[in-house]
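Colleague: Could you take me through this one? I'd like the confidence, then the packing.

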Amino acid sequence: MTKKNKANGSSIQKRLIPTYIFLIIVSFISVFPLYWMFAAATNNTVDVARGKITFGTYALQNFKTLTAAQDLGRGMSNSFLYATVETLAALFICSLAGFGFELYHDKHKDRLFDVLLLAMMVPQVATMIPLFKMMSHMKLLNTVWAFVLPAISTPFLIMMFRQNSRSFPIDIMEAARIDGCSEIGIFFKMFLPVMKSTYAAAAVITFMNAWNAYLWPKVVMSDKTGKSQTMPMLIANLSNGYKVDYGELMMGVLFCSIPTMIVFFVLQKQFAEGITGAVK
Amino acid sequence: MKAKKMNVTGKQQRAGWIFLTPATVLIAIMSFYPMIEAFFMSLKTGSSAHMKWQVPFWKNYYHMFRDKLFLRSLGNTYLYLLIEVPIMLVLAILLAQLLNNKDLKFKGFFRTCVFLPCATSLVSYSLIFKSLFATTGLVNSILVGMGIFKENFNFLGTPSTARAIIIIALIWRWTGYNMVFYLAGLQNIEYSVYEAAKIDGANGWKTFWKITVPLLRPTIIMTFIMSINGTLQLFDESVNLTAGGPANSTITMSHYIYNASFGQGVANFGYASAMSFLVFIMVAILAAINMKVGDKRD
């Protein structure tokens, strides 16, 4: 049997050649624009326009032009602050809700859950004006709260925690109760550690969404001095002039992309696991 | 859905309610309430503090369907939707199917590459594509260099190519994202199911349609709804890749609504709300149709 498999092995690989070629082409198309971003960030605008795709020596110059034109440090720290607060708050609130909906479920809670799911159909552009008025009324414009409040509780995250907690061992909960553990104690001491991979996946999604958000911050964080602007707003400003310095622009895009890329590479596996709902 | 047998006491029930209260309250205040308010605002006119009821109250809606620019933004959004979503989802399923092959080598590498565009923000990739397709950009210099074009072509300054580039950019950004959902779905299908199909003499094509697609159906429906939802709300690309131009020929609904409420010029919250309420109705209808279609094939 094993011999036969080995003999089959090479012919199988041969049959896969078109697959490999296709995948290589798709991979190249997927990666190239990002490679080009890195390369362009190190070239001056003339070389970028000329179509140079190798690395150049203008990285420092581009960085200097960028920091002279925009407050890069503030943009980065704003984005970090907003994204971190949003991620922590969303993870806590939504996991608590998912825990409550799944492990304490009854007819009424199931019905309420169905109602909450309707919020998935609510487009951001439809709530943007009333929410802007609300934030303006509460004097929260240009504060972290205006940024995070509408994004903390999402049906998507609640559903994710709810579905992934289907495999949570209920017998353990009973045992803990007999030992005198409170309900919130069960959440912190048992649910949290068991659901680690779901938390990781939820954190990746939420952090990326928060970091990449554009429409909502443009509405509520657009103080004229730019003191509350996020990275996507900052780089969008760079390309608004009549003459765009491509080297400078790509340096900005690079800074805007690095954090999410790091998150992506470090937590990619947990991300995939979290989506499948495989809790181990 | 399996029913769990539990003897939950009243105290525990209360604890359950407490756990889901913060999330429920936030959704009510941050989604449902603004949605209702948006509807009432859509019957008014003016901006911020000075809003009056429209006479007649449906005037904003009446005006909407006579507003050429709005109709164009509607048409653009549907054009992007109808072309981009099918291509992207088919490509995503195909890639997932190819990457789910047990005998394939470098699977992790390919998967990471295809998924990588998701690591960029919508504004970032819009600006990257804007630069690539600029009149003095890489694509032009390659095409001119190879002699395909005689002189640099203004891709983003020509309505048809500008729209095509938005679609290409969208496919580039979102195919890997959807593929991950399918890959996760495929991994839940036992390999023995495929083995059995092979023994029964089913070929790849048949296996795909008879096993993969039916078993992936919930995932396909979910990605379909997500994509429709996302495309109907397209904003970042329209603003940053083409700025809605040339001459508003690529503008999307969300972009137009933003311009009407927070852009330059006189803000018209009532009219913007009316347009945004239409977006809501479309998202809801399409999602409902999708659910119905999904249920029927059971």
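Modeller: What follows covers confidence, the chains and their domains, and some helix pairs.

Colleague: Where does the model come from, and what ipTM and pTM does the predictor give the complex?

Modeller: This is a predicted model. The predictor puts the ipTM of the complex at 0.87 and the pTM at 0.88.

Colleague: Where in chain B is confidence lowest, and where highest?

Modeller: The lowest mean in chain B is 78, in helix α8 (residues 191-199) of chain B. Helix α3 (residues 68-99) of chain B has the highest, at 93.

Colleague: Which residues stay under 50 in pLDDT?

Modeller: In chain B, residues 1-6 stay under 50. The model has 2 contacts beyond four places in sequence for that stretch. In chain A, pLDDT stays under 50 over residues 276-280, for which there are 12 such contacts.

Colleague: Fine. How many helices and strands does chain B have?

Modeller: Chain B has 12 helices and 2 strands. The C-alpha trace of chain B spans about 75 × 70 × 30 Å along its principal axes.

Colleague: Now domains. How is chain B divided?

Modeller: Into domain 1 (1-41) and domain 2 (58-296). The C-alpha centres of these two domains of chain B lie 32 Å apart.

Colleague: How many residues of domain 1 of chain B are in contact with domain 2 of chain B?

Modeller: 4 residues of domain 1 of chain B are in contact with 6 residues of domain 2 of chain B. On the domain 1 side of chain B, that gives 4 nonpolar, no polar and no charged residues.

Colleague: And what does the domain assignment give for chain A?

Modeller: Domain 1 (2-59) and domain 2 (64-276). In chain A the C-alpha centres of the two domains lie 32 Å apart. The contact takes 10 residues from domain 1 of chain A and 7 residues from domain 2 of chain A.

Colleague: Which elements give two or more residues to the domain 1 side in chain A?

Modeller: Those are α2 and α3 (45-50) of chain A. By class, the side of domain 1 of chain A that touches domain 2 of chain A has 7 nonpolar, 3 polar and no charged residues.

Colleague: On to the contact between the chains. How many residues does each give?

Modeller: Chain B gives 75 residues and chain A gives 70 residues. On the side of chain B that touches chain A, helix α1 (residues 10-41) of chain B gives the most, with 19 residues. By class, that side of chain B has 47 nonpolar, 23 polar and 5 charged residues.

Colleague: Let's take a helix pair across it. At what angle do α2(A) and α4(B) cross?

Modeller: Helix α2 (residues 17-40) of chain A and helix α4 (residues 107-115) of chain B cross at roughly 40 degrees, and their axes come within 8 Å. That angle makes α2(A) oblique to α4(B). The crossing of α2(A) and α4(B) is left-handed.

Colleague: Which residues meet there?

Modeller: From α2(A), A:Leu23, A:Val26, A:Ser27, A:Ser30 and A:Val31. From α4(B), B:Phe110, B:Cys113 and B:Val114. The contact of α2(A) with α4(B) has 6 nonpolar, 2 polar and no charged residues.

Colleague: What about α14(A) and α5(B), parallel or antiparallel?

Modeller: Helix α14 (residues 231-238) of chain A packs against helix α5 (residues 122-132) of chain B at an angle of about 20 degrees, with the axes 9 Å apart. Angles under 35 degrees count as roughly parallel, so α14(A) is roughly parallel to α5(B). The crossing of α14(A) and α5(B) is left-handed. A:Pro232, A:Ile235 and A:Ala236 of α14(A) make the contact with B:Val123, B:Ser124 and B:Leu127 of α5(B). The residues of this contact divide into 5 nonpolar, 1 polar and no charged.

Colleague: Last one, inside chain A. Is the crossing of α5(A) and α8(A) left-handed or right-handed?

Modeller: The crossing of α5(A) and α8(A) is right-handed. The axes of helix α5 (residues 72-103) of chain A and helix α8 (residues 144-152) of chain A come within 9 Å and cross at roughly 35 degrees. Residues of α5(A) in the contact include A:Leu81, A:Tyr82 and A:Glu86, and those of α8(A) include A:Phe147 and A:Ile152. By class, the contact of α5(A) with α8(A) has 11 nonpolar, no polar and 1 charged.

Note on methods:
Residues are numbered from 1 along each chain as its sequence is written. Chains are lettered from A and ligands numbered from 1 in the order in which they are written. This is a predicted model: local features need pLDDT of at least 70, side-chain atom pairs count only at pLDDT 80 or more; totals for chains, interfaces and linings use all residues. pLDDT is the predictor's confidence in each residue, from 0 to 100. Helices (H or I, at least four residues) and strands (E, at least two) are DSSP runs, numbered from the N terminus. Ala, Val, Leu, Ile, Met, Phe, Trp, Tyr, Cys and Pro count as nonpolar, Asp, Glu, Lys and Arg as charged, and the others, Gly among them, as polar. Axes are lines fitted to C-alpha atoms, for helices over the stretch in contact, and angles run from 0 to 180 degrees between N-to-C directions. Angles under 35 degrees count as roughly parallel, over 145 as roughly antiparallel, 65 to 115 as roughly perpendicular and the rest as oblique. A crossing is left-handed if the near helix is turned anticlockwise from the far one by less than a right angle, and right-handed if clockwise. Domain bounds come from an automatic or database domain assignment.
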